[in-house]
Amino acid sequence: MVTRLYTHPVFLEHLTPPGHPERPDRLRAIERVLDDEAFSALDRVKAPEGDQATILYAHPENHVARVRAAIPETGIASIDADTSASPKSWQAAVTAIGAANAAVDDVFDGRAANVFVAARPPGHHAEKTTAMGFCLFNTAAIAARYAQKRHQAERVAIVDWDVHHGNGTQDIFWDDPSVLYCSTHQMPLYPGTGAKSETGAGNIVNAPLAPRTGSETFRDAFLSRVLPSIDNFAPDLIIISAGFDAHHRDPLAEINLTEEDFDWATGQLMERAARHSGNRLVSLLEGGYDLQGLAFSVAAHVGRLMKG
């Protein structure tokens, strides 16, 4: 089976203010690097627009209504100091959800070995009732719930290696032992959550990394905390919240990873997916704001997914 890639032109139409790090050029950089002949075997599929009802798997109706009402007819509207919306942001967010849910279908129905979704806006900071941190809806959380509802997955593991803690995913699954959430992230750093002591119902595993640490510390956190937790949990599906802003070039943080670290971490999670999940693995783009660091890291990540 192939590695599938979902993306869509509408993701470029989610506009942010000039100088904002979460910008359309991020996807253009990914598109360029994946146009290389090395990725010719990628199964490239246009992302489908999602079923808006699935947003309610992770967010209440009043939150959905607030986000919908915040979408401007023209220009760019601020939702908070970091988060904005433009006229196509609703369609972009719903299509990102559609792509993530389609990826879940693909790995459960045997149409792909694994899937990478190159979408924006990102999602892991969106809490149950709050859009924040560049995120409107929590795509990974919705996809996890979709796997449970559509494919009867009993246990879903979400592994988040974005350099910022996924406070939204932690919030949504705080008291739900059917979803394991594991996060490596810089601390202290936005959004200020993610201490080791934050364990939810025993299903939250935080591995904070001190500023200016690098490969050795990151890999140790994976080997000592993340991977044993996955082995103990034995998930039916692994979802990666794949942020690449822990790369040493990234302007928003101080963790010094290289693309080789993302290759390695991808391989480790593929091994766990083979062991526990029938190889079912879905990866969703989150952060990554230096265009070169992002492109090289995504190339390493997708290249490793394609190796099977």
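Start by selecting strand β1 (residues 3-7) and strand β2 (residues 43-46): they run parallel, joined by 4 bridges. Here strands are DSSP runs of E with at least two residues, helices are runs of H or I with at least four, and both are numbered from the N terminus. Two strands count as paired if DSSP finds at least two bridges between them. Before you go on, note that this is a predicted model, where local features need pLDDT of at least 70 and side-chain atom pairs count only at pLDDT 80 or more, while totals for chains, interfaces and linings use all residues. Residues are numbered from 1 along each chain as its sequence is written, and side-chain values use heavy atoms, leaving out hydrogens and water.

Now click on L5, and you'll find R44 of β2 standing opposite. To get from β1 to β2, the chain passes through helix α1 (residues 25-34), making a right-handed β-α-β crossover (with the strands pointing away from you, the path from the first strand over the helix to the second runs clockwise).

Next, show the whole sheet. How many strands form it? There are 8, in an open sheet with parallel pairing, ordered β2-β1-β5-β10-β9-β6-β7-β8. β2 and β8 (204-209) are the edge strands, each with a single partner, so one side of each has no neighbour in the sheet. From one strand to the next, the twist averages 15° (axes are lines fitted to C-alpha atoms, for helices over the stretch in contact, and angles between N-to-C directions run from 0 to 180 degrees).

Move along to β6 (residues 156-160) and β7 (residues 179-186), a parallel pair with 5 bridges. Within this pair, A157 stands opposite L180 in β7.

Time for some loops. Select P121, in the loop between β5 (114-117) and α4 (139-151). The peptide bond joining R120 and P121 is cis, with omega about 5°. Another cis bond runs from Y190 to P191, with omega near 5°, and P191 sits in the loop between β7 and β8.

Which residue has a positive phi although it is not a glycine? That's A234, with a phi of about 50°, in the loop between α6 (215-233) and β9 (237-242). Such spots are worth a look: most residues other than glycine have a negative phi, and most peptide bonds are trans.
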